[in-house]
Structures are given as structure tokens and as C-alpha cells.
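Please open the structure in your viewer and keep the selection panel at hand.

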Amino acid sequence: MQRSKQQTVKAHGRRSRSGQTLIEAMFGFVILIPIGLAAVDVVTLMSATQTNEQWAETAARAAGSCTCENMGSTMAKKSLTRFVPTNIISSIEMEKIKFDEQAGQVTVSTVMQVNMPIPMPLMNRFECRASAIQPLLATPAEQ
Amino acid sequence: MKYRENAKRSQSGASLLLIIACAFGLVLLIYGLFQLSMIMGGSRQVRNAVDAGALNVSKKMMEIRVTTDPKYADVSDTNGKVGMSNVNRLWGKAYLINANLEEMQKSGRAGPSASSNGDTAYQLAQNVNDQLFNELASSKNQDIYFHQMAGRRTANLINPGMGIDRTKTASCPIALVDRGDESNLTMQPTQIPEGVEAGKVDKGSKSYMQGYVPMTANNKKFTFTSFHEGEQPHLISDSLFDASRADKAPLDDKGTTIPNAFRQFAEASNGQTGVSAVASAVANPIRTYDMAIPQSYITIHVTNISIWNVDNKFAKAIPYNFKQQRVHGLKDFQTPTRVINCFGTIGGEYQAGSSINVILNALKADINPAMKKLLQRIQCMDPKFTKAKLVKLFEQQQYDPKVLRYYIFAADHSADHTDPNIQMVPENGSLPPWIDPKQWDPQTLDPNLDGISGTPLVTEPTTTDQFAQADQSPGGTPQPYATNTGVMMWKPGTGFNKAVGDLYVQRLTQLYFSSKP
């Protein structure tokens, strides 16, 4: 009888310990999962930012190979049409272009719409901006 | 009991520790990935900056210009300077001068000053070339243009706000890429004098002087810089650049061939992490020129002389005009036995008119050698000029008997002498300021011509009583008769002193009379 009581106490102890572990694990998940999810969002945002910079670079290079602002703008926009929208990056557009023939430079700014893979309150959608500067290469050398 | 309590605490602490460790590990992993991403992003930023900087250098190198020698003012830019874009033009003129000289030497028509003129033309071009080379290869100039572009960028993923610096290297690698391809100098094979071999590249309907393949004229090496037609400055691979580096694979001993590709190194660092990148770009002026000696001229002059002979002895020389006329050449001419009056119908060869074309074709011989020489030299002024245009020019120009000579030159109202318009103007007409007709000497002709006439280029067979007739009063024995002949003399010039040739047409009508009844 004594022994059985002892066994019962042990069994209760085991149950309570496993329950405690479960609670601790759940508590841990409550901490870890948001960190992990936030990390996914941060990595996505960083990746999108860098992608946006690269597209701005591509657009500026396309504009830099043109002789006038209109053509430069058209070519920059055209270069951005090669972008394939995804669930994360829904769009990328040219925001502005500065075609400085005097200095022989073109600056193109792009804006990218980024949807967070893990939507969080007030942080489910971001707008990334990037700009790139390139030399104007299509203008002939001075006579 | 105490042990059990301790065990319980340690077991419950173990889970908590595990969670904390996992959280810490996860945060560390995220931080590591973040840092890696920053470095990779920063590296990309530096690469992009170096690419843009290298492209800007290859583009802006065209702005580096050096003052040229006055002898090459006609191939300089609107400010009288020479840069990468028009250096081939400078060498093109030097090449034509030396090619003309080589042809003159081979045909025995080089005058005493011709050789030194060729040498001077080459040396002056080389001086300008070397001056330009030093400017192009200068690290300082490349720095300025690199920073115009890369300096406006930051590697903020490595160190926010930090700029990208060009790596200070002892030498700035330059390269001569696209060897054997076209230069930005168009040419016509017919503008190269006979017997001179020029390297050319045919592309579509155009011919270009070959780039980075040294060619020889007058035993001198000429190297043109390759620039692909219709191409913009662009990035090239390091392997392509390395294979054509000027220091590793030079084209000449001096190593001052004008390069067409530049390499840039840059780095960015935050003290702990450093990222470097390299980019090579090939330049292109996106401008082509015609190979020419824009300010050069040819003179044409014609003399018609009738020689009046009595008993095969010279009695009188009378010039005649470009039309058939009857001339009473010897009035009451006293011979040993009697007085005679001699008449001649001369100038019959000009029955078709008096345009330059008629005058040249009045020679009943193949005048193509002369036309070829003329065309070659005119194409030194305007390579697009054709034989048909030359014939038209000659047809339109009537020879004024009061005019001693005509000048053929390229009138060009463009600031950089790239729009030639071949004209033929008499000595007293509206000549450009760089032609001084007063320098002409009837004996030595134009002092600017550094060639010699030598043997006639074209000689017409003598005709008798065909284009001229003689008669006398009273009649004589044998019957009076007239012969007619003509020659074309060609006195070439290298073009160093602007004169590239003089065509002299000399018509000679001999009239023979007799004192015997």
C-alpha cells in the first residue's frame, strides 16, 4: 500500500513535470515563433530592398544608353517590365528620372511594393525606394 | 528529499535554458544572416559603383584634349584640340602625307624637301599623340572621372554614409582591345596612292582604317585606335581586358598607342569588413571621321603656245586661246631671200569648247593616269568625291584665258572641317585664307609643292594639219604645215604644306613656213 502510494505520487510528479515542460515549451514557442516570423519578414524586406536597388541600377543603365530624356524614360520603364510580380513583390515602377545632359548623368528612382510574407499589424505592406545614377553613354563625343 | 528538490529545479531550468539557448541561437543566426546579407549587398553596391565609375571614365576620357600643332589644325576639334575621338583623324592626315610621299619616292617625283616634310608630319603627330597618351594614362584624370560617378554612391550596407574610393594603384591599367577591328576613321581605297598598302576593314558599304594593326607608309609605323561603329562605351570582361593590356601586349616599343579601354579598382571598408571590386570598360566616341587632309589644294594650269618656224628655225612664239582662230603670226617677215607673211589657223583642238574638261580631253591620248592622280589627291580632301563629280566639276568650269591657274580645294564651313565641298576657283576668285596665290612663281610654280614633275604623265601623239593649219603669202616650198601635240605634267605634293599637286597641260602647235618660193 505504501509502495502503491509512493508510485502514485511519482506518477503525479511525472505528469506535472511533463505538463510543466509543455508549458515551458509553449512559452518558448510564444517567444521563438514571433522572433522567427519577424526574421522572415526582415529577411524578405532586406532582400526586396536589394532587389529594388538592382532594378534601379538596371533602369538607370537602360536610360543611360539613350540620347534624350523621353527615350531614357521609356527605356527605363521598359527595362522594369521584365520584372515578374510575385506574392511578395507585387510591383516595381519608375518613380522619377533626372536626365542631366550637362553633367552627362542620369538618375533613376524606383518604387517597389513589398507584401510581408507574415503580415503583422500595421506592417503588412511596405514601399521600398531606391535610386541609381549612371553615365549617359549614348551622347557622341564633342566635335 | 533535498536532492529531489534540486533535481526538480534543474529539470525545469533545463527547459528554460534550452529555450533561452534556442532564442539566443536564433537571434545569432538572424544576426549572422543579416550581416552576410549586408556584406553581400554592400559588395553589390561597390560592384555597381565601380561599373558605373568605369563606364564614366571610358565616356569622359573623350573630354581630355590636348592642343595640337598648327599643321594639324584642320583635323582638330572646334577648339583646335585633339582627343581620343579625333586622334585617328590626326594620324589619318599624317598617314596620307606619308603615303603620298612614299608614292612620290617610288615614282621618282619626290623633291628635296619631301622626305623631311614626311618626317616632320610624322613627328608632329607623334608628339600630339604622346601628349594625349600621358593625359589618358594619368591616374589623376581617371580619378576625377571615376569619382564623378562612384563618388556619388555609397556602400551604406557596409558602412552607412561611407563613400566608395578608387583604389590607389601605382599604374592605371589601360588596354588596346578589339585589335584588327575598325577604327572610327572611314576611308576610300582609292584615296590611298598607288603602291601603298593600307590596312582596312570593310563593314557594310563603308571601309575603315584598321585599328591596332600597325601599318607602314614611308617606313613609318601608323597605328589607329579601334572603335566599333555604332557602339556605346560598355563594360568588358577582365579576361578580354587582360589579353589586350598595353603593358603586357604592347603594339609598339614606345608603348604610347592611344588606348581604348580602362580598368578601375575600388574598395569600401568599415574597418572590419572590406569589399573591393574591379571593372573594365571600353570607350567609344560614337563619332566617325573621314580620313582626309581637309585643307589641301590642287592647282591646274594650261598653256597653249604656237611656235612659228621659218626654214625650221624659230621665229616667234605666240600663246593662243581656247578657241579656233586665224592668226597672222609673222607680218612681212624678212627671210634671206624675200619677205613673207605667215598665217596659222590654230586652236582647232578646242572646237568642242573651252571648259576644263574639253581642255583636258583635247589631248588625243589616254588621260586616265592624270585623272587618277587628280582624283586620288582630291579624295585626300574629300574621300567621297568621285570621278563623275570630277568630270562634272571640269565641265562646269570654263577656262578664262586671263586666268593663269585654277585651284581645286574643299570649301568647308563646318567648325571642325568635316563637311567638305570640292570647288574649283580661279586664282583671282574667292579663295580660302589658307591658300595664298601670291606664293606662285611662274618658274618654280607653287613653293608649297614638295614634288618634282619628272616625265610627262600623258603625252599626246603629234598630229599634222589636223588641229592647226599653216599658210603663207607668197607660197613656199615645201608647203607650210602645222603640227599639234600636248603633254600633261604632274607635280605632286605630299600635302604637308597644303599643296597636294599641280596638273600642267601644255599644248604646243608648231607651224612651219618656207622662205623658198
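Two strands are taken as paired if DSSP finds at least two bridges between them; helices (H or I, at least four residues) and strands (E, at least two) are DSSP runs, numbered from the N terminus. The model is predicted, so that local features need pLDDT of at least 70 and side-chain atom pairs count only at pLDDT 80 or more, while totals for chains, interfaces and linings use all residues. Residues are numbered from 1 along each chain as its sequence is written, chains are lettered from A and ligands numbered from 1 in the order in which they are written, and side-chain values use heavy atoms, with hydrogens and water left out.

**Stop 1: an open sheet in chain B**

Select strands S6, S7, S5 and S13 of chain B. These four strands form an open sheet in the order S6-S7-S5-S13, with mixed pairing. At its edges are S6 (200-203) and S13 (289-290), each of which pairs on one side only. Within the sheet, S5 (residues 182-187) and S7 (residues 206-210) of chain B run antiparallel and share three bridges. To find one of these positions, display Thr186(B), whose bridge partner in S7(B) is Tyr208(B).

Next, show the side chains of Lys203(B) and Glu182(B). They form a salt bridge with an N to O distance of 2.7 Å (a side-chain nitrogen of Lys or Arg within 4 Å of a carboxyl oxygen of Asp or Glu). This pair links distant parts of the chain, as Lys203(B) belongs to strand S6 and Glu182(B) to strand S5, 21 residues apart. Over all chains, the count by this rule is 23 salt bridges.

**Stop 2: hairpins and their neighbours**

Move to chain A and select residues 89-100 and 105-115, which are strands S1 and S2. The two strands are antiparallel and are joined by ten bridges. Phe99(A) has Val106(A) as its bridge partner in S2(A). Four residues lie between the strands of this hairpin, and Gly104(A) in the turn has a positive phi of about 70 degrees.

Return to chain B and select S11 (residues 261-269) together with S12(B); nine bridges join these antiparallel strands. Ala266(B) is the bridge partner of Ala277(B) in S12(B). Their hairpin also has its glycine to inspect: four residues separate the strands, and Gly271(B) takes a positive phi near 100 degrees.

Now select S16 (residues 325-334) and S17 (residues 339-346) of chain B, which pair in the antiparallel sense over seven bridges. A hairpin of four residues connects S16(B) to S17(B). Arg326(B) stands opposite Thr345(B). Keep S16 selected, for Asp332(B) is found in this strand. Its phi is near 45 degrees, a positive value in a residue other than glycine.

**Stop 3: the interface of chains A and B**

Colour the two chains separately and select the residues in contact (heavy atoms within 4.5 Å). The contact takes 31 residues from chain A and 42 residues from chain B. The buried area (the accessible area, with a 1.4 Å probe, that two parts lose on being put together, summed over both) is about 3,200 Å², and carbon and sulfur atoms give 55% of it. Two salt bridges are found across this interface. One of the salt bridges to display is that of Glu53(A) with Arg44(B), where the closest N and O atoms are 3.2 Å apart.

**Stop 4: cis peptide bonds in a loop**

Which loop holds Pro474(B)? Select the stretch between strand S22 (469-473) and strand S23 (481-492) of chain B, where Pro474(B) is found. The peptide bond from Ser473(B) to Pro474(B) is cis, with omega near -10 degrees. Pro478(B) is also in the loop between S22 and S23, and a cis peptide bond with omega about -5 degrees joins Thr477(B) to Pro478(B). For reference, most residues other than glycine have a negative phi, and most peptide bonds are trans.
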